[in-house]
Amino acid sequence: MSNIFFDGQEEFPDIKGVNRNRDYNQSPFIAIWEVTRACALKCLHCRAEAQYNRDPRELTFEEGKKLLNEIAAMDYPLLVFTGGDPLMREDIYDLAKYAIDIGLRVSMTPSATPKVTKKAIERAKEVGLSRWAFSLDGSTAEIHDRFRGTSGSFDLTMKAIQYLKELEIPLQINTTVSRYNIDDLDNIAQKLEDMGTVLWSVFFLVPTGRGKEGDMISPVQHEQVFNWLYDLSKRVPFDIKTTAAQHYRRVVLQRKKEENPGVERTFSEVMTGKQHTKDGLGRAPKGVNDGNGFVFISHIGDVYPSGLLPINCGNVREQSLSSIYRDSPVFQALRNPSGFKGKCGVCEYRNICGGSRARAYAMSGDYLESEPFCTYIPKGYKDSL
């Protein structure tokens, strides 16, 4: 059985000074820095509503180094450079080298554009970037390019993947599940297997930025895809990770319990027990959620619980990242599942799931409300009706 990951929980291998069992009240497991919003693509679901040109208010190189030092001081979380397209910053490799030199483990999610040359990937490998991830939202150019809003994106992605193979860099594929590709997931999974993918990161759409409620799959379809992913994980050679799908954890626990009646399963026990996975990243010992083990820094230094939960909690130009993460009332509330409303607040899975706080906010305007695309009715909620 391949490993099952949840919501960005890639864990470090044994690196000196890295605390794998960190307290999420004190330090995040993952820090995402949106280094720029500039991007040549126009994806239908784009959280950042990316633009073609760089914003002059972006954090400078020196401000970026200060931010990286602050991130490192918070128990060395996994760091992801995202955008927009990180390659739109000319100093991106210098930032990556600085981050790696101070001990951070860095990943990058570039867009598949003509900037992704073999030379660019070679440079990334030289500075020590731990991985590149490319998006594939359809098994064909027709499906993928429609979603990415740019003709030719599929072909550029395939070319970039070939460069990774030639340079012997592990391949991670990101896919956003939507109504446009739900019927193509089997074909995408087969394509990933044929390409030698080591990790499939499956995102579930949150209606923010350019993403619209009408682009989403239904609550019932979420449940169907979760069960399909669980079954798939038993037979494919690559690992599977989900994002904005906290309730997938509940499905996995339920399926494990069905397979082993009478055996109670904790979140950690759901994992296979392997310390190192095929893609070399491992996994988190407990669930990550918006603001709970997760922090997002925008291109201009604003700090959010995640890129999908657009509540500004401070700015690193005015406060330290650690003080915002630890002391913001929003972050503190997100780390207290007992304060969640409706069925999420009484659900027996709330400490490992908690529902997508971003999706709750997008649909209701309240980040503490119940996950609106979860079909499960907890016993405690039934009893209160």
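This is a predicted model: local features need pLDDT of at least 70, side-chain atom pairs count only at pLDDT 80 or more; totals for chains, interfaces and linings use all residues.

Student: At what angle do helix α7 and helix α8 pack, and how far apart are their axes?

Tutor: Find helix α7 at residues 219–233 and helix α8 at residues 247–259; they pack at an angle of about 55°, and their axes are 10 Å apart. Because of that angle, α7 counts as oblique to α8. The crossing of α7 past α8 is right-handed.

Now zoom in on the side of each helix that meets the other. From α7 come H222, E223, F226, N227, L229, Y230 and D231. Facing them in α8 are H247, Y248, R250, V251, V252, R255, K256 and E259. Sorted by class, this contact has six nonpolar, three polar and six charged residues.

With that pair in view, let's turn to the interior. In soluble globular proteins, nonpolar side chains tend to be buried together. Here the largest nonpolar core has 91 residues, and W33, L79, F81, Y93, W132 and W200 touch the most other members. Take F81 as a place to start: leaving out residues up to four places away in sequence, F81 touches W33, V35, L68, P86, I92, L95, A96, V106, S107, M108 and T109. Another core lies apart from the largest one; this other core has seven residues, including C347, I352, C353 and C374.

T157 is buried, because its relative accessible area is 0%. Beyond its neighbours within four places in sequence, T157 is in contact with A112, F134, S135, L136 and H144.

Finally, a few spots in the backbone deserve a look. Most residues other than glycine have a negative phi, and most peptide bonds are trans. Against that background, the peptide bond from G83 to G84 is cis, with omega near 20°. You will find G84 in the loop between β3 (78–82) and α2 (92–101). Y76 is not a glycine, yet Y76 has a positive phi of about 50°. This residue, Y76, lies in the loop between α1 (61–72) and β3. With a relative accessible area of 29%, Y76 is partly exposed. E168 is also a residue other than glycine with a positive phi, near 60°. Look for E168 in the loop between α5 and β6 (171–177). E168 is exposed, because its relative accessible area is 70%.

Key
Residues are numbered from 1 along each chain as its sequence is written. Side-chain values use heavy atoms; hydrogens and water are left out. Axes are lines fitted to C-alpha atoms, for helices over the stretch in contact, and angles run from 0 to 180 degrees between N-to-C directions. Helices (H or I, at least four residues) and strands (E, at least two) are DSSP runs, numbered from the N terminus. Angles under 35 degrees count as roughly parallel, over 145 as roughly antiparallel, 65 to 115 as roughly perpendicular and the rest as oblique. A crossing is left-handed if the near helix is turned anticlockwise from the far one by less than a right angle, and right-handed if clockwise. Contact means heavy atoms within 4.5 Å. Ala, Val, Leu, Ile, Met, Phe, Trp, Tyr, Cys and Pro count as nonpolar, Asp, Glu, Lys and Arg as charged, and the others, Gly among them, as polar. A nonpolar core is a set of buried Ala, Val, Leu, Ile, Met, Phe, Trp, Tyr and Cys residues joined through side-chain atoms within 4.5 Å. Buried means under 20% relative accessible area, exposed over 50%, partly exposed in between (1.4 Å probe, protein chains only).
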